[in-house]
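Open the model in your viewer and keep the selection tool ready. This tour goes stop by stop, saying what to select and what is there.

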Amino acid sequence: MSINRRDFLRAAVSAPALALAGAGEAEAMRAPKPVPPDAVGMLYDSTLCIGCKACVAACREANDLSPVMEPGQEGWNEKTWDSPLDLSAKTFNIIKTYQHGTMAAKDREQNGFAFMKRHCLHCADPSCVSACPVSAMRKDPKTGIVSYDANACIGCRYCVYSCPFGIPRFDYSSPTGKIGKCEFCRHLQADGKTPACCHVCPTGASLFGLVVDLKAEAQRRLALKAGDAYDFPRGNLSGGRSFGKGKGLGDGQRQDHREGGPDAGDAPKQRRLRERAHLDESALDGGHKPHQSPHPGRIAPYQPHLYGDKELGGTQVMYLSGVPFEKLELPTKVPEQGYAALSEGIQHTLYKGMIAPILFLGGLAALAFRNTRKHGDEEGER
Amino acid sequence: MSTHEPIGGRLFTKPFALLLVLVAVALVLMAQRFMGGLGAVANINDGYPWGIWVTVDVVVGTAFGCGGFAMALLVYILNKGEYHPLMRPALLAGLFGYTLGGMAVIVDLGRWWQVYNIFLPWHAQPNSVMFEVALCVAAYIVVLWIEFSPAFFEKFQAEGLKKTVKGFMFLVIALGVLLPTMHQSSLGTMLVILGHQLSPLWQTPLLPLLFLISALGMGYAIVVFEAVLASLAFKRPLETDILARLSGVMYGVILAYLALRFGDLILRGALGVMFQGGAKGIMFAIENLLFVAAALVLASPTARRTPRNLFLGALAMLLAGTVYRIDGYLVGYETGGGWTYFPSVPELLVTLGIFALEVVLYLIFVKKLPVLHRLHKA
Ligand code: SF4
Ligand code: SF4
Ligand code: SF4
């Protein structure tokens, strides 16, 4: 045999070590996955939320989930109140409250309070999809909705373990437990409807639309001064139009106020832009239901950042808030790529499309062949 | 003529009965789990969706099963034939570590009746580290049984079959080195996707390498550990020479591990996190003190010749690798939201029952099958 054992082993041991240690994280990482161009999303503006939980009730109804009563609530709750404390396999959407000190003012960090809506963020590069061994978690290439398929799922809970936002939940109380998480009412969207939470939200705190449009809307709000008057759109940012199966908007059809952009500092101009947009929409809408009327309000003192724009590769559900985002259970010291980019990168660096393992196997087989032959009788039985 | 022989002797002893009781208890609890859901027995929750059944039964359990892998690397790849007498007992431990680890997975899977989906190409998800681990482990279990099959063929005097298997054994041996290299490192890669949820004391792109090296160390340790225990239990002379040399190899592996582990921590500037208090810092200290202890006990060639040191060194190494895995998968993990987890007693009993079953099977096999090396002076 011409194979040089020493060289082979040295290469076999040092190649992956070097690939990982020497190249460093940046080079091991695979290219991040961007948000699909026609992705749908949600803008949750914590400053608009009044904590009415209409969205929580609507979510239950839309997803056929029965009300939840937590243990210990029996004293005051005669099974008439839906009173979940957290997300669970049976609660896909929940409103939580940030509270501090006297809680005298809304959207204030000190002695204030704020609302937070928690559910799946439909990440651009989702950890749950990368983790799932059986493709039970999938990301729709067009809408970007991250869906769950109980018929594929083996219940390993790697998605629960890996999601950086702590979203998917498993039902530990049932012998046939499933994962539960927001799937952005994809069944409603397929019928041309708006996700239930956005549809019922009275203030526009939960706003549905195309991610590009929502981003523009958020930037407009961030560009205004606190106290400025503003007409907050409600329900579906694009009027009654839907983006369900085969019903996505083409580029040319998108709301034109997107181009109005954040440059517009004055409210009247904003309003004009919006009105024009709405007119354009009703013209385009055809037979669709008219959009919901906007909610006139005032711009709150925002944190100067749109959460979800860049975090972990971007998310299709994005947040505006008056209090710092880490107070709202959102991880803030995170990279601008999803963690899947590094984990898949490492895996693929090591395996190089299975070529490396096959070469390695060849080398091992050659050595094993030579060494089992050489040992004579002692090794005879092997 | 085989160079191995069954050691014979009475099977049904008092300790054996005790082990069987532990197995029975675990079986009852498993039945409970299948009827009432995971929550009926285990304390896992959405903040700690993986408890000791994943961490100990599977991740630690398969590392304990790395004896066969580590020895095959030494004997067949590095051509150190002198270790050959340790090969079969090592394979045996691997056989049970992996087979039972693979079975324990079923108990932990929430939707276990659909587990075959992993093998259906239209469900395959090759980007998933777990997908790769699952396939590799499944394949390695088959490989281990083939590697071990000559012992059966000798027992039942199927010389023809033995010859056939021997013909392609070199390929099986190669797979038996490749597959654990892949999945033991991937068990480390599994944690990379946790990102910030895993403390910087453990989160590093070197996770696959650290898991692989520590699995090798645990593989050598289990072989030494088992040899010392077997010599005590079955009153066989200790093969001190060979065990001393093997412990030297183990010593080298531990040093390599420690160099890499601390080199990485220092380069990433993560060492200070240790002093931020709490369980993480304490467990990190315990974990690495165990590695250092194993290295210290085995540091000198003379020390490696005393059975006591051999035993203590192997034990420290096994504990170190175990704590490292528990830390990486559980202690170092925090998803936010104030979740806590500590295994319930029934949960612990299931894990204990699985380990008891491993020992039971080991005893049956060494007593009835040609596993241990024939003594020169019987
Ligand atoms: S938030 Fe979690 S569950 Fe939702 S897509 Fe992202 S990783 Fe998946
Ligand atoms: S629990 Fe189900 S959906 Fe989640 S990763 Fe496992 S198989 Fe995929
Ligand atoms: S319906 Fe709207 S305002 Fe009411 S709790 Fe939900 S997000 Fe807030």
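Select Met42(A) first. Its bridge partner in β12(A) is Val317(A). This is a predicted model, so read each stop as a prediction.

Now widen the selection to strand β1, residues 40–45 of chain A. How many of its six residues are buried? Six of the six are, and the strand is mostly covered. Colour the residues by the way they point. Val40(A), Met42(A) and Tyr44(A) point one way from β1(A). Gly41(A), Leu43(A) and Asp45(A) point the other way.

Go to Asp45(A): opposite stands Leu320(A) of β12(A).

Pick Tyr44(A) to find Ser206(A) of β9(A) opposite.

Show the three strands together. They form an open sheet in chain A, in the order β9-β1-β12, with mixed pairing. β9 and β12 of chain A stand at the edges. Each has a single partner strand, so one side of each has no neighbour in the sheet. On average, neighbouring strands of this sheet are turned by 25 degrees against each other, direction ignored.

Keep the sheet on screen and select helix α8, residues 211–223 of chain A. α8(A) lies across β1, β9 and β12 of chain A. Against β9(A), the helix runs at about 130 degrees.

Move on to ligand 3. Select the 15 residues around ligand 3. Which of them come nearest? They are Cys49(A), Cys52(A), Lys53(A), Cys55(A) and Cys201(A). Colour the shell by residue class: ten are nonpolar, three polar and two charged.

The last stop is in chain B. Select helix α3, residues 67–77, and helix α4, residues 87–108, both of chain B. Their axes come within 7 Å and cross at roughly 150 degrees. Angles over 145 degrees count as roughly antiparallel. α3(B) and α4(B) are therefore roughly antiparallel to each other. Show side chains at the contact. From α3(B) come Gly67(B), Gly68(B), Met71(B), Ala72(B), Val75(B) and Tyr76(B). From α4(B) come Met87(B), Ala90(B) and Leu91(B). Of these contact residues, seven are nonpolar, two are polar and none is charged.

Definitions and conventions. Residues are numbered from 1 along each chain as its sequence is written. Chains are lettered from A and ligands numbered from 1 in the order in which they are written. This is a predicted model: local features need pLDDT of at least 70, side-chain atom pairs count only at pLDDT 80 or more; totals for chains, interfaces and linings use all residues. Side-chain values use heavy atoms; hydrogens and water are left out. A residue is near a molecule or strand if one of its heavy atoms lies within 4 Å of it. Ala, Val, Leu, Ile, Met, Phe, Trp, Tyr, Cys and Pro count as nonpolar, Asp, Glu, Lys and Arg as charged, and the others, Gly among them, as polar. Axes are lines fitted to C-alpha atoms, for helices over the stretch in contact, and angles run from 0 to 180 degrees between N-to-C directions. Helices (H or I, at least four residues) and strands (E, at least two) are DSSP runs, numbered from the N terminus. Angles under 35 degrees count as roughly parallel, over 145 as roughly antiparallel, 65 to 115 as roughly perpendicular and the rest as oblique. Contact means heavy atoms within 4.5 Å. Buried means under 20% relative accessible area, exposed over 50%, partly exposed in between (1.4 Å probe, protein chains only). Two strands pair if DSSP finds at least two bridges between them.
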